Amino acid sequence: MEKMYFDSAATTIVRPEVIAKMVSVLKEDYGNPSSSHSYGRSAKNHIEQARKNIAKYLGVKASEIIFTSGGTEADNLVINSAVRDLGVKHIITSRIEHHGVLHTVQEIESQTGIAVSYVSVKENGTLDYQQFESLLRSSNEKTLVSLMHINNEIGTILDIELVASLCDQYDAFFHSDMVQSIGHYAVDLSKISIDFIAVSAHKFHGPKGIGFTYIKQNSGLKPLIFGGEQERGYRAGTESVHNIVGMDEALRLSYEKLDEERDYILSLKQYFIENLEKNIEKVKFNANCTDSINSTYTLLNVCLPVSIDKAGILLFHLDINGIACSKGSACQSGSSKGSHVLAEILSDEDLQKPSIRFSFSTYNTFKEIDYVINVLKKFIEDN
Ligand SMILES: Cc1ncc(COP(=O)(O)O)c(C=O)c1O
């Protein structure tokens, strides 16, 4: 049986060019970047070149890029330090953030008693920007806003320019988890008034266990992990040179192929939508998934007309038919809890039905989509 991968929002296939670069570094450049001899200097050069390249893509200074183990660590670093070191007493976020943000904020709230406000989420997954502004206006304390650029479960895109300009206007720090957008959209940070972002390489065909945070110059942020002087003291621990080089190569290729791959993936998504509508009566698309401007081209969250007693076996059925996709997000697939994102936007009735996230990459084909539609159609007819 052929297997097919529709779970690129969870993690992506690593590009062969990325693997080749990483293997070469593992073989040839195994020196510790902190060592002063030629092996160490060569490893260090790789890291600094990667930092420069990444900074250039994002329109920032190389010194503003700090490598981390991924998106979760970057979110934790920013939020914890903002409260500990920048005098933040109020956090504004939303209930549809990734748990890397949500659980960090909740932990700080329970430890410090800091005020946390949540921006209301509309049925279509977008935020209530008027209510957001009134939260900012009425905030009397130093505030950190943490709102994700693209939602990993429903794909809704934040109006980042608006949020950034409001944060500027009300003198709040702005952090955005951009794990689902960097590598898929050309984000120019020099044009956005933003203090911090979190990024993860494995979402754009790079390796797992590596990411970075952009920390605006002179922000005053301090480390979360203490030890050596790596990353200018922001993040101690021997750098993962092969991962950093792999991430740099993955980002380079993403930018090189951005337009071509976006057009192709968007056409896959549109074909999927059209054929689901044609073949599955009463199918629903969650949030604003079908809106090609305000929702990412990389994913589709579908609510299927399947009875509650059969909902549990649907994902298993897709899996045994070779189709990998996700219920909610992968980070919670090992847990019995439903999606905290869908819980915010769906009616009680729709929450009883199975919602599946299909997420795409350049490696998917139209033929695979035909196969998925057939499997889904047959399952619904038989059940
Ligand atoms: C929006 C978002 N933020 C953060 C993360 C966590 O990133 P990492 O796996 O690199 O820790 C993910 C991964 O699913 C994500 O989708």
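Me: In what hand does H5 pass H6 in their crossing?
Reply: H5 passes H6 in a right-handed crossing. Keep in mind that this is a predicted model.

Me: At what angle do the axes of H5 and H6 cross, and within what distance do they come?
Reply: The axes of H5, residues 129-137, and H6, residues 160-169, cross at roughly 20 degrees and come within 10 Å. H5 is therefore roughly parallel to H6, because angles under 35 degrees count as roughly parallel.

Me: Which residues make the contact?
Reply: From H5, Tyr 129, Phe 132, Glu 133 and Leu 136 take part; from H6, Leu 162, Val 163, Leu 166, Cys 167 and Gln 169.

Me: And by class, what does the contact of H5 with H6 have?
Reply: The contact of H5 with H6 has seven nonpolar residues, one polar and one charged.

Me: Where is Asp 171?
Reply: Asp 171 sits in the loop between H6 and strand E6, residues 173-177. Its phi is near 60 degrees, which is a positive value in a residue other than glycine.

Me: Is Asp 171 buried or exposed?
Reply: Asp 171 is exposed, at a relative accessible area of 56%. The cut-off for exposed is over 50%.

Me: What about the phi of Asn 218?
Reply: Asn 218 is not a glycine either, and its phi is positive, at about 60 degrees. Asn 218 is in the loop between strand E8, residues 211-215, and H7. With a relative accessible area of 77%, Asn 218 is exposed.

Me: Changing topic. How do H7 and H11 pack, in angle and axis distance?
Reply: H7 covers residues 241-279 and H11 covers residues 366-382; they pack at an angle of about 25 degrees with their axes 10 Å apart. H7 and H11 are therefore roughly parallel to each other. Their crossing is right-handed.

Me: Which residues of H7 meet which of H11?
Reply: On the H7 side there are Tyr 264, Ser 267, Leu 268, Tyr 271, Phe 272, Asn 275, Leu 276 and Asn 279. They meet Phe 366, Ile 369, Asp 370, Val 372, Ile 373, Leu 376 and Lys 377 in H11. By class, the contact of H7 with H11 has 10 nonpolar, three polar and two charged residues.

Me: And H8 with H11, parallel or antiparallel?
Reply: H8 and H11 are roughly antiparallel to each other. The axes of H8, residues 308-320, and H11 cross at roughly 150 degrees and come within 11 Å. The crossing of H8 and H11 is right-handed.

Me: Which residues make that contact?
Reply: H8 contributes Lys 310, Ile 313, Leu 314, His 317 and Leu 318, and H11 contributes Val 375, Leu 376 and Phe 379. The residues of the contact of H8 with H11 divide into six nonpolar, one polar and one charged. Leu 376 of H11 takes part here and is also among the H11 residues that meet H7.

Me: Loops again. Where is Ser 295, and what does it touch?
Reply: Ser 295 is in the loop between strand E9, residues 284-285, and strand E10, residues 299-303. Leaving out residues up to four places away in sequence, Ser 295 touches Ile 154, Gly 155, Thr 156, Ile 157, Tyr 185, Lys 269, Asn 288 and Cys 289. Ser 295 counts as buried, at 0% relative accessibility.

Me: And Ser 8, buried or exposed?
Reply: Ser 8 counts as buried, at 6% relative accessibility, because buried means under 20%. Ser 8 is in the loop between strand E1, residues 4-5, and helix H1, residues 16-28. Not counting residues up to four places away in sequence, Ser 8 touches Ser 359, Phe 360 and Ser 361.

Me: How exposed is Lys 191?
Reply: Lys 191 has a relative accessible area of 67% and is exposed. Lys 191 lies in the loop between E6 and strand E7, residues 196-200.

Me: How many helices and strands are there in the protein?
Reply: The protein has 11 helices and 12 strands. Its radius of gyration is 21 Å, close to the 21 Å that the globule rule gives for 383 residues, so the protein is as compact as a globular protein of that length.

Me: What share of the residues counts as buried?
Reply: Of the 383 residues, 55% count as buried.

Notes:
Residues are numbered from 1 along each chain as its sequence is written. This is a predicted model: local features need pLDDT of at least 70, side-chain atom pairs count only at pLDDT 80 or more; totals for chains, interfaces and linings use all residues. Side-chain values use heavy atoms; hydrogens and water are left out. Axes are lines fitted to C-alpha atoms, for helices over the stretch in contact, and angles run from 0 to 180 degrees between N-to-C directions. Helices (H or I, at least four residues) and strands (E, at least two) are DSSP runs, numbered from the N terminus. Angles under 35 degrees count as roughly parallel, over 145 as roughly antiparallel, 65 to 115 as roughly perpendicular and the rest as oblique. A crossing is left-handed if the near helix is turned anticlockwise from the far one by less than a right angle, and right-handed if clockwise. Contact means heavy atoms within 4.5 Å. Ala, Val, Leu, Ile, Met, Phe, Trp, Tyr, Cys and Pro count as nonpolar, Asp, Glu, Lys and Arg as charged, and the others, Gly among them, as polar. The radius of gyration is taken over C-alpha atoms; the globule rule is 2.2 Å times the number of residues to the power 0.38. Buried means under 20% relative accessible area, exposed over 50%, partly exposed in between (1.4 Å probe, protein chains only).
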